[in-house]
Amino acid sequence: MSQLKLEQNLRFLALSTVKGLGPVRLQQLLGYCEQHRCMPDQEAFWQHILQALSGQSWLSAQGLTVLEQRIVDPVDSSLPWSERDNVMHWLQQSDQRQLLALGQADYPYLLRQISDPPLLLYLQGDSQLLHKPQLAIVGARRPTAMGAS
């Protein structure tokens, strides 16, 4: 994984850890950036993210400061950030592991179409398989009586 792609993925990781930023607010935030024709691989995208979040009453000043530090230099090991450290450790355990962020070329098209696609995908194995025909089986191992009927 290139350094630039790693930094972009870590920025999305930082965004995913913001308390109070759920699927609805996240979609609004991404829509705001889209209106300004900013893509995640552009620095302007992250500046628009920070600008949009700076006026939000649900985000504390400290939370915004931490997010800004993580976005400005996501690989700065002097910043305490356990989620980043855990992800970096996970990635280093195998060459088959990678992160895939929303907006990247390899992100699955169909997954991008759902109402709240995940910001990050944690992959192990061949990412090209995400673009092949797929089958999903959804259910419970022990359904309730209502679910079984």
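Here is a short chat about the predicted model shown above.

User: What pLDDT does the chain average?
Analyst: The average pLDDT is 89, and 99% of the residues score at least 70.

User: Which elements have the lowest and the highest mean pLDDT?
Analyst: Helix 7 (residues 145-148) has the lowest mean among the elements, at 79. The highest belongs to helix 5 (residues 82-92), with a mean of 95.

User: Let's talk helix packing. How is a pair of packed helices described?
Analyst: Two values do it: the angle between the axes and the distance between them.

User: Great, so what are those for helix 3 and helix 4?
Analyst: Helix 3 covers residues 43-54 and helix 4 covers residues 61-72. Their axes come within 11 Å and cross at roughly 180°, so the two helices are roughly antiparallel.

User: Which residues make that contact?
Analyst: From helix 3, W46, L50, L53 and S54 take part, and from helix 4, L64, L67, E68 and I71. By type, the residues of this contact are 6 nonpolar, 1 polar and 1 charged.

User: What about helix 1 with helix 3: parallel or antiparallel?
Analyst: Helix 1 (residues 3-16) packs against helix 3 at an angle of about 10°, with the axes 12 Å apart. Angles under 35 degrees count as roughly parallel, so helix 1 is roughly parallel to helix 3.

User: Which residues meet there?
Analyst: On the helix 1 side you'll find Q8, R11, F12 and L15. They meet E43, F45, W46, I49 and L53 of helix 3. The residues of this contact divide into 6 nonpolar, 1 polar and 2 charged.

User: Switching to the whole chain: what box do the C-alpha atoms fill?
Analyst: Roughly 50 × 35 × 30 Å, taken along the principal axes.

User: What share of the residues is buried?
Analyst: Buried residues account for 34% of the 149 residues in the chain.

User: And the accessible surface, what does that come to?
Analyst: About 9900 Å², with 52% of that belonging to carbon and sulfur atoms.

User: Last one: what share of contacts join residues at least 24 apart?
Analyst: That share is 54%, counted among contacts between residues at least 6 apart in sequence.

Definitions and conventions. Residues are numbered from 1 along each chain as its sequence is written. This is a predicted model: local features need pLDDT of at least 70, side-chain atom pairs count only at pLDDT 80 or more; totals for chains, interfaces and linings use all residues. Side-chain values use heavy atoms; hydrogens and water are left out. Axes are lines fitted to C-alpha atoms, for helices over the stretch in contact, and angles run from 0 to 180 degrees between N-to-C directions. Helices (H or I, at least four residues) and strands (E, at least two) are DSSP runs, numbered from the N terminus. Angles under 35 degrees count as roughly parallel, over 145 as roughly antiparallel, 65 to 115 as roughly perpendicular and the rest as oblique. Contact means heavy atoms within 4.5 Å. Ala, Val, Leu, Ile, Met, Phe, Trp, Tyr, Cys and Pro count as nonpolar, Asp, Glu, Lys and Arg as charged, and the others, Gly among them, as polar. Buried means under 20% relative accessible area, exposed over 50%, partly exposed in between (1.4 Å probe, protein chains only). Accessible areas come from the Shrake-Rupley method with a 1.4 Å probe; for residues, only the protein chains shown count as cover. pLDDT is the predictor's confidence in each residue, from 0 to 100.
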